[in-house]
Amino acid sequence: MTDDSTEMLAALRCRLAESPLWPFALALYARPGVEAACLQLQDEAGVDVCELLWRCWLLHHGAIPEPGSETALAKVRRWQREITTPLRRLRRELKAAAAEHHGVAQLRETLKRAELQAERETLARLQAVAMTGPLRPLAAGDPAPQELLSNVLQLKKKAHLSTLNSLVMRLDPPRGPR
């Protein structure tokens, strides 16, 4: 690594530290059409919304994770699979019963809060991956954000690519060196 690339990476990590993932994810998710796009990609294509938001955060800051971050990402994915996904499944399964039973509605709300807390923990772990793991600034020759995301998320269906495109269009342009 050259002195220039080391300085660029340090500046990039500084920008990431100044703009934490959690507030970015909340703001992006609140933009028109983003929640629907995320949930559609989650339910139809198996995309992890937290990882998608993390990758969008990185792109917003002009960065992408290097392949060496896969070990850390595997640990985060395991957390999602073992903790967050079961909470989501239970919350969804109780939806009909919650409409008829107050106690079930309260339980469902508790599960919803637990699911959100698990997602917040996921985003904290993903931010830690970005702060300590292999990362690099976007380069002029890198593919466009939609292509980068569709490749890493392994999206092939036209409908999923269209949904991803609608989400990418709501991102602010990347900042920093390119």
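What you see here is a predicted model, in which local features need pLDDT of at least 70, side-chain atom pairs count only at pLDDT 80 or more, and totals for chains, interfaces and linings use all residues. Residues are numbered from 1 along each chain as its sequence is written, and side-chain values use heavy atoms, leaving out hydrogens and water.

Let's start with helices α4 and α5, whose axes come within 10 Å and cross at roughly 140°. The two helices are therefore oblique to each other. On the α4 side, C50, E51, W54 and R55 make the contact (heavy atoms within 4.5 Å); on the α5 side, E70, L73, R77 and Q80 do so.

Now follow Q80, which sits in helix α5, residues 70-93. With 5% relative accessibility, Q80 counts as buried, a word for under 20% relative accessible area, with exposed over 50% and partly exposed in between (1.4 Å probe, protein chains only). Leaving aside residues up to four places away in sequence, Q80 touches D48, C50, T85, P86, A118 and T122. With T122 there is also a polar contact between the side chains, at 2.6 Å.

Finally, turn to helix α2, residues 21-30, where L21, W22, F24, A25 and L28 are buried. They lie on the same side of α2 because they cover an arc of only 160° around the axis. Among the elements covering these buried residues are α3 (34-45), α4 (49-60) and α7 (102-132).

Note on methods. Helices (H or I, at least four residues) and strands (E, at least two) are DSSP runs, numbered from the N terminus. The arc is that of the directions from the helix axis to the C-beta atoms. A polar contact is a pair of N or O atoms within 3.5 Å; within protein, one must be able to donate a hydrogen and the other to accept it, and residues adjacent in sequence count only if both atoms are side-chain atoms. Axes are lines fitted to C-alpha atoms, for helices over the stretch in contact, and angles run from 0 to 180 degrees between N-to-C directions. Angles under 35 degrees count as roughly parallel, over 145 as roughly antiparallel, 65 to 115 as roughly perpendicular and the rest as oblique.
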